[in-house]
Amino acid sequence: MIPRRLSIFFLLFLVGYLLPAQLAAQTNTTASQSSAPDPKSEAIINRAIEVLGGSAYSNVQTIVGRGFFTAFQDGISQIPARFVDYISYPDRERTEFTGDGVRVVQTNSGNTGWLYDGATRTFSDMKGAQIEDFKRSMRTSVENLLYGWWKKEGATLKYVGRREAGLARRNETVRLTYPDGFWIEYEFAAKEGLPAKVIYKTSKKKPDSDETEEKTEEDRLEKPITIAGVTAPWVIDHFINGTQTSRISYESIEYNRQLPDFLFAKPANIKALDKKQ
C-alpha cells in the first residue's frame, strides 16, 4: 500500500507556504471505454496485489500516516517538517503539515477542497489548478493502477519491458496512457514483485513565453514494511529531471481507522479546525 494520498506533489504544494514550489496542473480527462490490459501487464498487477497483502491490501478503506517531509534544494536536504495525513478512499484526503511553527491544512474531497494557512490564520477554497494537482496525484498513484480506478477514465495499460535497477536487479515496467495523452510508467521489482518506481512527465508554459517546459518526475519507493498484513514503502523519494526534490519518511501507518466526515468538511472557524478527531 502506497499511502496514496500523501502524494509528494500534494506535499510540495503545502511546502509552498514555507519553501518556494510550483507544480503544473494536469488537463481534465474524458471518460471512455478502456482497453483490457495485455496479459503480461495483468500478471504483474496481480502479483503486486498479492505481495502487498492480497485481500488485506484490497480491503483498505482508510489510511492515517504520520512522519516527516524533507524538501531538497539544489540536491541538499532542508529541515524536516512533521505531517499527519488522513485518507479515505477513493477521493478524500486531509494533510496537516507543520514546520517552523507554521501549520498548513489542505483537504480534498472529490472536485472540491479547502486550505488553512496558519501563517495568516485564514481559510480559503481551492482554485481549479489546485484541485487539478490533486487529481493528477490520484492518477499517478500506485493505488490508481492496482485498484483499477484508471479504467473509468478510459486509460490503456501495456507492458513496456524490463529495466536495469541496480546490481543484478531488474524491474518489470508497465505504462498507463490516458485519452488526453498523459502517461505514467510503473516499475515493479522483477524478483519481489513490489512497486519500485513511478515515472511521468509534466509540462507548463514558461513565464512570459509561449514555450512549454517539460519535466520528468519520478517517485522511488523504498523501505517496505508490513503492518496488519499490508506492505507499504515507508520512504518515498521524489526526483525532477534526475535531481532529488523531497523525501517522505513515515513513523507510523494505520489502516481502516474510522474517519469522521467532519474531518474533510471546511470548518467554520479555527476552533472547529481543532475539533477532536
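A residue counts as buried under 20% relative accessible area, exposed over 50%, and partly exposed in between. These terms are used in the legends below, which describe a predicted model.

**Figure 1. Asn 59 sits in the loop between α3 (55-58) and β1 (62-73).** The relative accessible area of Asn 59 is 48%, so this residue is partly exposed. Val 230 lies 171 residues away from Asn 59 along the chain, and the C-alpha atoms of the two are separated by 9.8 Å.

**Figure 2. The protein chain as a whole has six helices and 14 strands.** The chain has 277 residues, of which 51% count as buried. Its accessible surface comes to about 13,100 Å², and carbon and sulfur atoms account for 49% of that surface. If contacts are taken between residues at least 6 apart in sequence, 54% of them join residues at least 24 apart.

**Figure 3. The largest nonpolar core of the model is made up of 43 residues.** Leu 145, Leu 146, Leu 176, Ile 184, Tyr 186 and Phe 188 have the most contacts inside this core. The element that gives the most to the core is helix α2 (residues 39-52), with five residues. Another core lies apart from this one and has six residues, including Val 64, Tyr 86, Leu 259 and Leu 263.

**Figure 4. Tyr 186 is shown with the residues it contacts, neighbours within four places in sequence being left aside.**

**Figure 5. Helix α2 has buried residues along one face.** The buried residues of α2 are Ser 41, Ile 44, Ile 45, Ala 48, Ile 49 and Leu 52. Seen down the helix axis, the buried residues fall within an arc of 135°, which is why they are said to line one face. An α-helix has 3.6 residues a turn, so residues three or four places apart point the same way. Pro 39 and Glu 50, on the other side of α2, are exposed. The helix has 14 residues, which at 1.5 Å a residue should span 20 Å; the end C-alpha atoms are 20 Å apart, in agreement with that value. Gly 53 follows α2 and has a positive phi, near 140°.

**Figure 6. Strand β3 (residues 81-88) pairs with β4 in the antiparallel sense.** Seven bridges join β3 and β4, and one of the bridge pairs is Ser 88 with Arg 92 in β4. The two strands form a hairpin with three residues between them. Pro 90 is placed in the loop between β3 and β4. The peptide bond from Tyr 89 to Pro 90 is cis, and its omega is near 10°.

**Figure 7. Strand β4 (residues 92-99) is mostly covered.** Of the eight residues of β4, six are buried. Strand β5 (residues 102-109) runs antiparallel to β4 and is joined to it by eight bridges. Val 102 in β5 stands opposite Gly 99. β4 and β5 form a hairpin that has two residues between the strands, and in this hairpin Asp 100 takes a positive phi near 55°.

**Figure 8. Ile 76 lies in strand β2 (residues 76-77).** With a relative accessible area of 55%, Ile 76 is exposed.

**Figure 9. Arg 121 has a positive phi, near 55°, and is not a glycine.** Arg 121 is found in the loop between β6 (112-117) and β7 (122-125). Its relative accessible area is 54%, so Arg 121 is exposed.

**Figure 10. Asn 241 has a positive phi of about 50° and is likewise not a glycine.** The loop that holds Asn 241 runs between β13 (230-240) and β14 (243-255). Asn 241 counts as partly exposed because its relative accessibility is 49%.

How values were computed:
Residues numbered from 1 in each chain as written. Predicted model: local features only at pLDDT ≥ 70, side-chain atom pairs only at ≥ 80, totals over all residues. Heavy atoms only, no water. Core = buried A, V, L, I, M, F, W, Y, C linked by side-chain atoms within 4.5 Å. Buried < 20%, exposed > 50% of the residue type's maximum accessible area, 1.4 Å probe, protein only. Helix = DSSP H or I, 4+ residues; strand = E, 2+ residues; numbered from the N terminus. Contact = heavy atoms within 4.5 Å. Areas by Shrake-Rupley, 256 points an atom, 1.4 Å probe, with all protein chains shown as cover. Pairing = 2+ DSSP bridges. Expected span 1.5 Å × (residues − 1). Arc of directions from axis to C-beta.
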